[in-house]
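Reader: Could you put this one on screen and take some questions from me? I care about cut-offs, so please spell them out as you go.

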Amino acid sequence: MGMCWPTTDARGGSLYAALSLLASAPVPAQGPVEPAAAIERWLASEHTSESLMTATVEAVCDAPDGLKVLGKKLQALQVTPGEPRSKGLRSLMPKVALEHLRRTYKSGMTYAGQYGGLASLEPWIGPFLFGLLLDTPEWYPLTFRVRLVPAIRDLQQQLPDAARVAGITRLVEDEREATDLRRALAAALWQWGRPRHAVEFIRELQLATTEGDGEDRVNATLLLADYFNLLREYRRAAAAHRAAQALARGAGVELLPVAWYSAACVHALNGDQERGLEALRRCAEMHASPHLDKSRRLERKLFEQDPEIASLRADPSFGELLELAFGERDDEDGEGGR
């Protein structure tokens, strides 16, 4: 049975408002704090200090094992739910979860299993995320609901209970809802063995690939590839990328670097090293141009850290592609390049 988490902090403010203070609340300068020590300091307090909460959330989210440490503390709630410490843990868990979601979303990377670390916060995190999605409180922006879906998919491997499935289905079928949310939730239902809604979206996207001029058809085919990727149907995504590339050649349309990078990802996930490296090379060559608009450039960390192209990084030619795209690493913060 899920625990009911408070939607207000100790001073009556909303969790979302309190979370927005994380970046601005004054915290004394200090070195890295171990998450266990930070949590204990918070639990020993009166749970009213915004700056202390900020420091605690930062310490947990900064540490590689921070979620696991917090998860072990949360397990004590089942044994001693009436202790004063429980109040502090109940106020801490949602803010840590929201900050982890924010950081992961801002990372610029998207891949299956990306939110697996949140499993350390079960059995509380699942009901919390489903609550934000299906019974959205006023303090949580409706436009942020789509960000919850990848985490729910990573944590909820099996078909949820009937009430949650019904709630998700209502959102998917509500045409007043944003298309990105509806498609993301349809992908979740697809993952859980309920493909009907995703199939309808696939048909819509396939129809769009036959309409308009060459550029319209290329863009529609790339959207189809992206949706197959969202469904984790990587072979179909790769086929759609090849179709988009052929259409682009025939129509004289230049693909953006992100299109080549996305193609490299799905080819790598399919084990097609040759096509993956070729797509990554095309992306790198575009990056090498000094005339490429800054808004169309990718971040170096995608090449260096994205798990989806891990097999491509193992190839001897990867270093050459990285240098071609970003130049030599020569500045203090390691972001060298042009």
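Reader: Where is histidine 47 placed?

Author: This is a predicted model, so local features need pLDDT of at least 70, side-chain atom pairs count only at pLDDT 80 or more, and totals for chains, interfaces and linings use all residues. Residues are numbered from 1 along each chain as its sequence is written, and side-chain values use heavy atoms, with hydrogens and water left out. Helices here are DSSP runs of H or I with at least four residues, strands are E runs of at least two, and both are numbered from the N terminus. On that basis, histidine 47 belongs to the loop between α2 (35–43) and α3 (50–62).

Reader: Is histidine 47 buried or exposed?

Author: Buried means under 20% relative accessible area, exposed means over 50%, and partly exposed is in between, with a 1.4 Å probe and protein chains only. Histidine 47 also has a positive phi of about 65° although it is not a glycine. Most residues other than glycine have a negative phi. With a relative accessible area of 8%, histidine 47 is buried.

Reader: What share of the contacts with a separation of 6 or more is between residues 24 or more positions apart?

Author: A contact means heavy atoms within 4.5 Å. Among contacts in the protein with a separation of 6 or more, the share from residues 24 or more positions apart is 64%.

Reader: What end-to-end distance should helix α11 span, and what does the model give?

Author: The expected span is 1.5 Å times one less than the number of residues. α11 covers residues 214–230, 17 residues, so it should span 24 Å. The C-alpha atoms at its ends agree with that, being apart by 24 Å.

Reader: What is found at the two ends of α11?

Author: A polar contact is a pair of N or O atoms within 3.5 Å; within protein, one must be able to donate a hydrogen and the other to accept it, and residues adjacent in sequence count only if both atoms are side-chain atoms. At the start of α11, a side-chain oxygen of aspartate 213 comes to within 3.2 Å of the backbone nitrogen of glutamate 215. Just after α11, in the loop between α11 and α12, there is a residue with a positive phi of about 65°, arginine 232.

Reader: Which elements cover the buried residues of α11?

Author: The buried residues of α11 include Val218, Leu222, Tyr227 and Phe228. Their cover includes α9 (179–191), α10 (196–208), α12 (234–251) and α13 (257–269).

Reader: Which element gives the largest share of the lining of the largest pocket?

Author: On a 1 Å grid over the protein atoms alone, a pocket is an open set of points where a 1.4 Å probe fits, with protein on both sides within 12 Å along at least five of seven lines; lining residues have an atom within 4 Å of a point. Grid points are joined across faces, edges and corners, and the volume is the space filled by probe spheres set on the points; for the largest pocket that is about 1,300 Å³. Of its 39 lining residues, Met109, Thr110, Asp226, Asn229 and Leu230 lie nearest the centre. The largest share, 6 residues, comes from α7.

Reader: How many residues of α7 are buried, and what covers them?

Author: α7 is mostly covered, with 8 of its 11 residues buried, among them Arg145, Arg153 and Asp154. The cover includes α5, α6 (125–134), α8, α9 and α11.

Reader: Which side chain makes a polar contact with that of glutamate 99?

Author: Glutamate 99 lies in helix α5 and counts as buried, because its relative accessibility is 2%. At a distance of 2.9 Å, its side chain is joined to that of arginine 103.
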